Amino acid sequence: MKIKKLHLLALALLFGLTGCGKNTEEIKTDSNVNSTSNEIVESLDENTSEEKIVKLTTTTSVNDSGLMDYLRDDFKKDTGLEMEIVSKGTGAAIEDAKAGNADVILVHSKDAEEKFIEEGYGLERKSFMHNFFVIVGPKDDPAGIKGKDAEEAFKLINEKGEKFVSRGDESGTHNKELKIWEKAGVDVDELSKKDNYNSLGDGMGATLTFASENNAYTLTDLSTFLTMENDLDLEVLVDQSDALKNVYSIIIVNPDKVKGTNPDVAKKFQDWMLSDKAKKLISEYGKEEYGQQLFFLGE
């Protein structure tokens with residue numbers, strides 16, 4: 001009788017283990033189903049997010065001035081799109097676009113922009129606003145440039161051997177600087193060998209900070225300078241010069257030339273930036289905080 005009971009107990013245990021194994025397999029199967037569902041949801045979420053984001057590469061001067069953050073909420077409210085902003089000099093912004101890292105660019109160097117389009121990377125150059133470059137420097141103005149035009153100011157800085165800080169980053173500001181040196185009759189290759197000429201290869205904010213710390217002159221857009229003025233020991237010395245106008249353009253990246261871009265969201269961004277609402281917002285920017293308009297409509 002004891003042997004028979006032991007046999008029955010053994011059989012019960014065997015069936016119990018078999019049942020547990022079956023349940024475990026069922027749980028594993030359910031887990032795999034849930035895992036697959038989660039992957040699909042994540043993919044859908046990612047795809048949806050991509051459709052709602054415009055990848056914008058813009059100049060440091062536009063971004064450092066705070067303009068894009070100021071426009072961001074209204075842009076999202078009107079279009080349903082988020083702006084993913086990368087801030088670089090114009091040269092680097094254009095290279096970003098060529099590599100497929102931007103749907104649209106906002107830049108300010110006409111020659112570089114036109115070349116970008118001629119090479120087939122951009123669809124059309126839409127110039128829509130401008131501000132002004134200024135030459136800033138130490139408040140005691142050792143080169144005596146205050147009130148001069150841009151070319152004469154650069155000549156005096158060179159002749160007197162005063163310190164000058166260049167962005168040196170192939171940005172629109174850097175390209176403008178090189179043109180002013182050329183018009184002033186100064187050989188930039190020779191100038192760059194001098195100790196008083198500092199080429200940073202950096203953005204506008206860093207260039208202004210370096211100039212302030214080193215009692216030097218530099219070329220900057222007025223908008224960025226005004227946003228940083230309280231932290232700088234510099235002042236505007238030259239601002240009334242035809243050579244100092246600074247025009248900004250929007251260019252949609254050509255999807256036939258550059259794969260992975262989204263021309264639909266780029267077009268929505270372009271259309272909104274050219275809209276009456278955006279123009280009004282741009283015209284008002286800076287008045288309350290800095291007491292003056294920072295960007296002006298048209299070329």
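Leaving aside neighbours within four places in sequence, which residues is leucine 67 in contact with? The model examined here is predicted, so that local features need pLDDT of at least 70 and side-chain atom pairs count only at pLDDT 80 or more, while totals for chains, interfaces and linings use all residues. Residues are numbered from 1 along each chain as its sequence is written, and side-chain values use heavy atoms, with hydrogens and water left out.

With contact taken as heavy atoms within 4.5 Å, leucine 67 meets Val62, Met129, Ile282, Tyr285 and Phe295 beyond those sequence neighbours. Leu67 is also among the residues with the most contacts inside the largest nonpolar core, which has 40 residues; such a core is a set of buried Ala, Val, Leu, Ile, Met, Phe, Trp, Tyr and Cys residues joined through side-chain atoms within 4.5 Å. Helix α11 (residues 263-273) supplies the largest share of this core, 5 residues.

Serine 61 lies in helix α2, which spans residues 60-64, helices being DSSP runs of H or I with at least four residues, numbered from the N terminus. Because its relative accessibility is 0%, serine 61 counts as buried, a term that means under 20% relative accessible area with a 1.4 Å probe and protein chains only. Its side chain forms a polar contact of 3.0 Å with that of tyrosine 248 and another of 3.1 Å with that of threonine 59, where a polar contact is a pair of N or O atoms within 3.5 Å, one able to donate a hydrogen and the other to accept it within protein, and residues adjacent in sequence count only if both atoms are side-chain atoms.

Notes
Helix = DSSP H or I, 4+ residues; strand = E, 2+ residues; numbered from the N terminus. Buried < 20%, exposed > 50% of the residue type's maximum accessible area, 1.4 Å probe, protein only.
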